[in-house]
Structure formats: structure tokens, C-alpha cells
Amino acid sequence: MLNKRFWQRLIPNRKAPTRQSDACFWQVDIHSHLIPNLDDGVSDPDEAVTCLKQLADWGIRKVITTPHVSRDWYPNTTTAIQEGLAALQTIIAEHELPITVDVAAEYLLDDFFPDRLNTGDLLTFGAQRYLLIETGWSAPPLHLDDILFRIQTRGYTPVLAHPERYKYYHDNKQALTQLRETGCRLQLNWMSLTGRYGSSVEKQARHLLHEHSIDFIGSDMHKPSDLNTMERLLNPTDLKLIAEQPLLNQSLID
Ligand SMILES: [Fe+2]
């Protein structure tokens, strides 16, 4: 159980939660894989319901779920993603879950992304047209700065998913600072703080938090088995670190 006085010190105008279920004060989750059979996320409606139920119980009111989109691994079309959303909304209504769901996507910046950008066939979220992007694990794309610039000149706001997980930035922390200075928002995975992706990723995540460089927090949850790991974040020390960030999640509440 979280300490009530802790919350009153942390967020003076916010009513202190009386249950751990209220812990996720950011209320909007912007990164997950909860549409069955589109990617490596949940594989059936029951798994989606299990995940959404727990997120709602932790205080998440709205989920913007983000299927992978890439040419080679997950060639999901915008139509297929929107159809998946409609099916998920039906499931939520049937189960009377106290949560709303919208959809965007997590776009891999592969060689085919520039064509997609040119056609404008992109799913975004929020009034700022936030565009969730990820880069390859072995190296960032060539001319990343140029791609980010083109994204912005077309009226989108790039949001780099889990910057702490890219090991090629672990010894070059300044690179992420520079990306942020050029207008790219940074989205931390909350499981990174639990050691789920290894100690070096956790260290980078904590560095970014101490620099107050995190614009969004996201679950990036794929399966119900992630829930046990995610619960470990819900401790006062880590929640305080998150509360100190210039988080934009709550700006997305309808
Ligand atoms: Fe993801």
C-alpha cells in the first residue's frame, strides 16, 4: 500500500490514492500491443481483457495501443489496425471494463518509412499528432536527424519509444539529449525500471529520469505475463522519479 502522506507531498493538488490501484497517476498509457494477432502482443481477446483490467485497476483510464508496423516483420495496414481497434472496443464493452482504448502504431524507422511518411499513411495520437517510432537494435538509421526533421516538417511530433533500450546510446548519453533538443519526445518503458531488460537498460532509464528528460511513460506491455514485472514499478521511490518528469500523458485525456 502506498503511503498517503507521500502522495500528498508529491502531488499537493491530487487526492492521495487509498489503494495501490490508483498508483498510475499519469492515467494514459501510450504504448502497448493489445490488439490480438497483429504483432507479438496478445494472442487472443482473453489476454487483452486480462491486461486492460489490470491497467484499469492501477489507475489507467485510457490506453492508446500501438501495434508494430514495419515492412519486413509486421506489415500491418492502417485499415487492419483500425478494424482491430473496433473489435477490441467491442470486447471492452462486453466486459464493461472501466477504460477507453484508442489506437496509433509503433513505426520502425526502416528503409520504407520515408515512403510511408510521404504518403501520410500514419496513425498518430493527440492534438500534437504524436508519432511513436522505434529504431533498429543494432544501430540507429542513417540520417536519423534528417528523418526526424522531415517528420516534423510534415506536422508530426516524433516520440522515440524506449530510448533507454538502445544500447548504442548507453555510452553516448548526449545523443539522446540532442534528439530531445531537436523536438523528439522521449517515451520511457516502465518495465525498464524493474531490470526487465537488463541492468544497463535500467541504469540508462534512471539516468534519463534524473535528467528530467522523459516526456511520456508507457507500459509497452505485450502479454499478461508482463503484469508481474510491471507491478514492481509501483513503489514510492520510482513513482516519485516519474512524477518529477515533464510528463505529457495526462494531456491526452479526452
Ligand atoms: Fe512496443
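1. Helix α2 is followed by G59, whose phi is positive, near 110°. Helices here are DSSP runs of H or I with at least four residues, strands are runs of E with at least two, and both are numbered from the N terminus. The model is a predicted one: local features need pLDDT of at least 70, side-chain atom pairs count only at pLDDT 80 or more, and totals for chains, interfaces and linings use all residues. Residue numbers start from 1 along each chain as its sequence is written.

2. Helix α2 itself comprises 13 residues, 45-57. From its first C-alpha to its last it reaches 18 Å, close to the 18 Å expected at 1.5 Å a residue; the expected span is 1.5 Å times one less than the number of residues.

3. Which residues of α2 are buried? They are A48, C51, L52 and L55. A residue is called buried if 20 or more other C-beta atoms lie within 10 Å of its own, exposed if 12 or fewer, and partly exposed in between, with C-beta atoms placed from the backbone. Contact requires C-beta atoms, placed from the backbone, within 7 Å.

4. Strand β2 is joined to β4 by 4 bridges, and the two run parallel. Two strands pair if DSSP finds at least two bridges between them. K62 stands opposite T100 in β4.

5. In a regular strand the side chains alternate between the two faces of the sheet.

6. An open sheet is formed by 6 strands in the order β3-β5-β6-β7-β8-β9, with parallel pairing. Its edge strands, β3 (68-69) and β9 (216-218), each pair on one side only. Within this sheet, 3 bridges join β5 (residues 106-108) to β6 (residues 130-134), and Y107 has I133 as its bridge partner in β6.

7. L233 lies in the loop between α8 (226-231) and α9 (236-243). Is L233 buried or exposed? L233 is buried, because 22 other C-beta atoms lie within 10 Å. Not counting residues up to four places away in sequence, L233 touches W190, L193, T194 and D238. L233 and T194 are 39 residues apart in sequence, yet 6.3 Å apart in space, C-alpha to C-alpha.

Notes
Two residues are in contact if their C-beta atoms, placed from the backbone, lie within 7 Å.
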